[in-house]
Amino acid sequence: MLSITEQLIDFLQFVLIGVIISIIFDFFRSYRMNKKVSNISVMIQDILFFVIATIIIIMGIVYILDSDLRLFVFLAIILGIFIYVTLLSKIFINIYNMLFRILKDVIEIFILPVNLNLQIIKKIYNFFKKYILKCCKMFFYVISLICRKLNFNKFFNIFNKRGKKNNEKNKAEKKN
């Protein structure tokens, strides 16, 4: 049998576990407030939260109570959640919102040069693309004129329009 002080310490540890679970919940809630998330993302976050909360509770029961399940465990967790929601929730949400804004600004600072470089490369590509296409069109036009003048169509017209190979059989079918 455990003494009352040991049980009180266990009770307070599970109150702390309730506070920790609430802090994790507010992290997910703050993330959803700062970023537009889809329904699938919300479901994944909820599953992740419940897995984390379950692991924390089970590990607390195993390590603190040596796998003995007592009624005060759930009462202490609920009390910890209630204390956190009434006293600390707004503070932590403000802290999380500030951290998400700072993280967003830091990411934008690092992504901005990459984005600018990509835009410059895209503009250079579009500039040269026009001229390369014009040069290719002129080159093939000149080649086609040379082929017409020198009557090279016999050599280059191996395939008909459908991609079938021209031979005597196909020519005979065309005449009939």
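Residues are classed by relative accessible area: buried means under 20%, exposed over 50% and partly exposed in between, with a 1.4 Å probe and protein chains only. By this scale I52, at 29% relative accessibility, counts as partly exposed. The model is predicted, so local features need pLDDT of at least 70 and side-chain atom pairs count only at pLDDT 80 or more, while totals for chains, interfaces and linings use all residues. Residues are numbered from 1 along each chain as its sequence is written, and side-chain values use heavy atoms, with hydrogens and water left out.

The protein chain has five helices and zero strands. Helices (H or I, at least four residues) and strands (E, at least two) are DSSP runs, numbered from the N terminus. From that terminus on, the elements run α-α-α-α-α. Of the 176 residues of the protein chain, 18% count as buried. Contact means heavy atoms within 4.5 Å. Among contacts in the protein chain with a separation of 6 or more, 67% come from residues 24 or more positions apart.

Helix α1 covers residues 4-34. It has 31 residues and reaches 45 Å from its first C-alpha to its last. That is close to the 45 Å expected at 1.5 Å a residue. The expected span is 1.5 Å times one less than the number of residues in the helix. Helix α2 covers residues 39-65. The 27 residues of α2 should span 39 Å at 1.5 Å a residue, and the end C-alpha atoms of α2 are 38 Å apart, which agrees. After α2 comes D66, with a positive phi near 55°. Helix α3 covers residues 71-150.

Packing of the helices was examined next. Two packed helices are described by the angle between their axes and the distance between the axes. Axes are lines fitted to C-alpha atoms, for helices over the stretch in contact, and angles run from 0 to 180 degrees between N-to-C directions. The axes of α1 and α2 come within 11 Å and cross at roughly 165°. That makes α1 roughly antiparallel to α2. Angles under 35 degrees count as roughly parallel, over 145 as roughly antiparallel, 65 to 115 as roughly perpendicular and the rest as oblique. The crossing of α1 with α2 is right-handed. A crossing is right-handed if the near helix is turned clockwise from the far one by less than a right angle, and left-handed if anticlockwise. The contact of α1 with α2 has 18 nonpolar, three polar and three charged residues. Here Ala, Val, Leu, Ile, Met, Phe, Trp, Tyr, Cys and Pro count as nonpolar, Asp, Glu, Lys and Arg as charged, and the others, Gly among them, as polar.

Helices α1 and α3 pack at an angle of about 35°, with their axes 6 Å apart. Their crossing is right-handed. The residues of this contact divide into 20 nonpolar, eight polar and three charged.

The buried residues of α1 pack against α2 and α3. They include D10, F14, I17, I21, I24, D26 and S30. In α2, the buried residues are Q45, F49, A53, I57, G60, I61 and L65. These pack against α1 and α3.

I21 lies in α1 and counts as buried at 6% relative accessibility. Beyond residues up to four places away in sequence, I21 touches F49, A53, I56 and I57. The C-alpha atoms of I21 and G80 are separated by 8.8 Å, although the two residues are 59 apart along the chain. I52, in α2, is 31 residues from I21 in sequence and 8.4 Å from it in space, C-alpha to C-alpha.

D10 lies in α1 and counts as buried at 10% relative accessibility. In contact with D10 are L2, I64, L65, R70 and F72, leaving aside residues up to four places away in sequence. D26, also in α1, counts as buried at 2% relative accessibility.

N94 is found in α3. At 52% relative accessibility, N94 counts as exposed.
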